[in-house]
Amino acid sequence: MSSVMRDLVERVSEVARRYEGTDREDIAFELYEVERGLRGATRRLDRLTRSL
């Protein structure tokens with residue numbers, strides 16, 4: 001599951017980069033917020049997995 005989450009983080013980040021420097025930079029900002037949330041969820045999942 002963690003690898004799927006990491007892949008999703010990379011995909012979201014890739015899309016966000018496409019919007020940087022455009023007139024829709026607000027989309028990049030929102031996507032980077034999603035990316036941060038996904039990274040946090042991935043770390044939490046990793047901690048949970050290690051504790052099992």
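Trainee: What makes the link between the side chains of serine 2 and aspartate 46 a polar contact?

Mentor: In this predicted model, the two side chains are joined at 2.5 Å. The cut-off for such a pair of N or O atoms is 3.5 Å, so the pair qualifies as a polar contact.

Trainee: Which residues does serine 2 touch beyond its neighbours within four places in sequence?

Mentor: They are Thr42, Leu45 and Asp46. Serine 2 itself lies in helix 1.

Trainee: Why is serine 2 called buried?

Mentor: Its relative accessible area is 15%. Buried means under 20%, so serine 2 is placed in that class. Of the 52 residues of the protein chain, 25% count as buried.

Trainee: Why is tyrosine 19 described as partly exposed?

Mentor: The relative accessible area of tyrosine 19 is 31%.

Trainee: How many helices and strands does the protein chain have?

Mentor: The protein chain has two helices and zero strands.

Trainee: How do you know that the protein chain is more spread out than a compact globule?

Mentor: The radius of gyration is 13 Å, whereas the globule rule gives 10 Å for 52 residues; the value is well over the rule, so the chain is more spread out than a compact globule. The C-alpha atoms fill a box of roughly 45 × 15 × 10 Å along the principal axes.

Technical notes
Residues numbered from 1 in each chain as written. Predicted model: local features only at pLDDT ≥ 70, side-chain atom pairs only at ≥ 80, totals over all residues. Heavy atoms only, no water. Buried < 20%, exposed > 50% of the residue type's maximum accessible area, 1.4 Å probe, protein only. Helix = DSSP H or I, 4+ residues; strand = E, 2+ residues; numbered from the N terminus. Polar contact = N/O pair within 3.5 Å; in protein donor to acceptor, adjacent residues only side chain to side chain. Contact = heavy atoms within 4.5 Å. Rg over C-alpha atoms; globule rule 2.2 N^0.38 Å.
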